[in-house]
Amino acid sequence: MQLRHFTQTHCPELADFLDHCCEAPLRFEGDHPLMHSSDNHIHLWALEYWADHHGWIDTGYRVRFAEAIFARWRARLKGMRPYQGRGYRLYLYADLAPTVSVVAETDVGCPYGLAEAFAPDLASVMRRYAGQSWAAHFGDEGAAPTPQAVLKAVERHHGSISKPTAQALGMQVGHLRRFIEWFELADEVNVLRKRHKRRPVQFREEHAAPLEIWEERLPAGY
């Protein structure tokens with residue numbers, strides 16, 4: 001793949017993330033597509049993390065990144081249910097980072113309740129990230145954390161998510177909690193807290209509607 005070769009040459013870590021997205025497990029359990037999206041969505045956080053470091057990650061590159069994931073998913077979905085029965089719906093939607101998702105076709109239709117609010121193409125969703133800083137979402141001191149860095153910091157601070165842990169990441173405590181919630185790290189954080197004999201923390205679950213969304217419907221037997 002040309003994009004894969006380019007990415008491997010210019011940013012091996014992002015190439016590894018692309019591979020992870022392309023081969024991520026896909027599940028379609030339950031009758032509501034929101035359950036499918038919950039299982040199958042991937043925040044493309046690494047794309048935005050590395051965009052802070054590489055100017056060649058522009059709107060065009062972001063579009064090709066998503067296209068590469070969807071191309072691989074389309075091929076893999078042919079061997080899964082309900083390929084022969086009803087088909088699927090692919091999504092790219094705007095969040096703190098662009099997010100890809102796939103759901104099985106059901107009687108519900110679009111899982112996000114936005115039947116007439118779709119973006120015309122992938123670029124329309126990706127343009128909103130041009131010129132934005134990934135680090136700016138999580139603090140005012142230029143920090144650009146990764147999920148792995150957050151979990152390592154929590155472990156180093158014996159399960160604490162208080163001020164010392166946040167400061168070690170260059171974040172405020174509120175930003176740290178938001179990060180844990182957005183990346184769905186609550187279970188892993190609470191496992192670390194239990195290991196260090198701390199009480200579990202109750203985190204919010206995010207169910208906000210996407211800011212902007214693109215949809216592609218894949219008919220049965222496509």
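Serine 160 counts as buried, because its relative accessibility is 9%, where buried means under 20% relative accessible area, exposed over 50% and partly exposed in between (1.4 Å probe, protein chains only). The model is predicted: local features need pLDDT of at least 70, side-chain atom pairs count only at pLDDT 80 or more, and totals for chains, interfaces and linings use all residues. Residues are numbered from 1 along each chain as its sequence is written, and side-chain values use heavy atoms, with hydrogens and water left out. Helices (H or I, at least four residues) and strands (E, at least two) are DSSP runs, numbered from the N terminus.

**Surroundings of serine 160**

- Serine 160 belongs to the loop between H7 and H8.
- Leaving aside residues up to four places away in sequence, serine 160 touches Val154, Thr165, Arg193 and Arg198; contact means heavy atoms within 4.5 Å.

- Two packed helices are described by the angle between their axes and the distance between the axes.
- Axes are lines fitted to C-alpha atoms, for helices over the stretch in contact, and angles run from 0 to 180 degrees between N-to-C directions.
- For helix H7 (residues 147-156) and helix H10 (residues 186-195), the axes come within 10 Å and cross at roughly 15 degrees.
- H7 and H10 are therefore roughly parallel to each other; angles under 35 degrees count as roughly parallel, over 145 as roughly antiparallel, 65 to 115 as roughly perpendicular and the rest as oblique.
- The crossing in which H7 passes H10 is right-handed; a crossing is left-handed if the near helix is turned anticlockwise from the far one by less than a right angle, and right-handed if clockwise.
- H7 contributes Leu151, Val154 and Glu155 to the contact, and H10 contributes Glu188, Val189, Leu192 and Arg195.
- This contact of H7 with H10 has four nonpolar, no polar and three charged residues; Ala, Val, Leu, Ile, Met, Phe, Trp, Tyr, Cys and Pro count as nonpolar, Asp, Glu, Lys and Arg as charged, and the others, Gly among them, as polar.

**The faces of H7**

- Pro147, Val150, Leu151, Ala153 and Val154 are the buried residues of H7.
- Seen down the axis of H7, these buried residues fall within an arc of 160 degrees, so they line one face of the helix; the arc is that of the directions from the helix axis to the C-beta atoms.
- The exposed residues Lys152 and Arg156 are carried on the face of H7 turned away from its buried side.
- The cover over the buried residues of H7 includes helix H4 (45-51), helix H8 (163-168), helix H9 (173-182) and H10.

**The faces of H10**

- In H10, the buried residues are Ala186, Val189, Asn190, Leu192 and Arg193.
- They cover an arc of only 155 degrees around the axis, which puts them on the same side of H10.
- Asp187, Lys194 and Arg195 are exposed residues on the face of H10 turned away from its buried side.
- H7 and H9 are included in what covers the buried residues of H10.
- Alanine 186 of H10 touches Ile180 and Phe203, not counting residues up to four places away in sequence.
- Although 15 residues separate alanine 186 and valine 201 in sequence, they are 7.9 Å apart in space, C-alpha to C-alpha.

**Packing of H1**

- Helix H1 (residues 2-10) packs with helix H2 (residues 12-23) at an angle of about 140 degrees, with their axes 5 Å apart.
- H1 and H2 are therefore oblique to each other.
- The residues of the contact of H1 with H2 comprise five nonpolar, three polar and three charged.
- H1 also packs with helix H5 (residues 59-77), at an angle of about 120 degrees and with the axes 10 Å apart.
- H1 passes H5 in a left-handed crossing.
- Leu3, Phe6 and Thr7 of H1 meet Tyr61, Arg64, Phe65 and Ala68 of H5 in this contact.

**Backbone features in loops**

- Arginine 81 and proline 82 are joined by a cis peptide bond, with omega about 5 degrees; proline 82 is found in the loop between H5 and strand S2 (87-93).
- Glutamate 184, in the loop between H9 and H10, has phi near 55 degrees, a positive value in a residue other than glycine.
- Lysine 197 lies in the loop between H10 and strand S4 (213-219) and has a positive phi near 60 degrees.
- Lysine 197 is exposed, with a relative accessible area of 79%.
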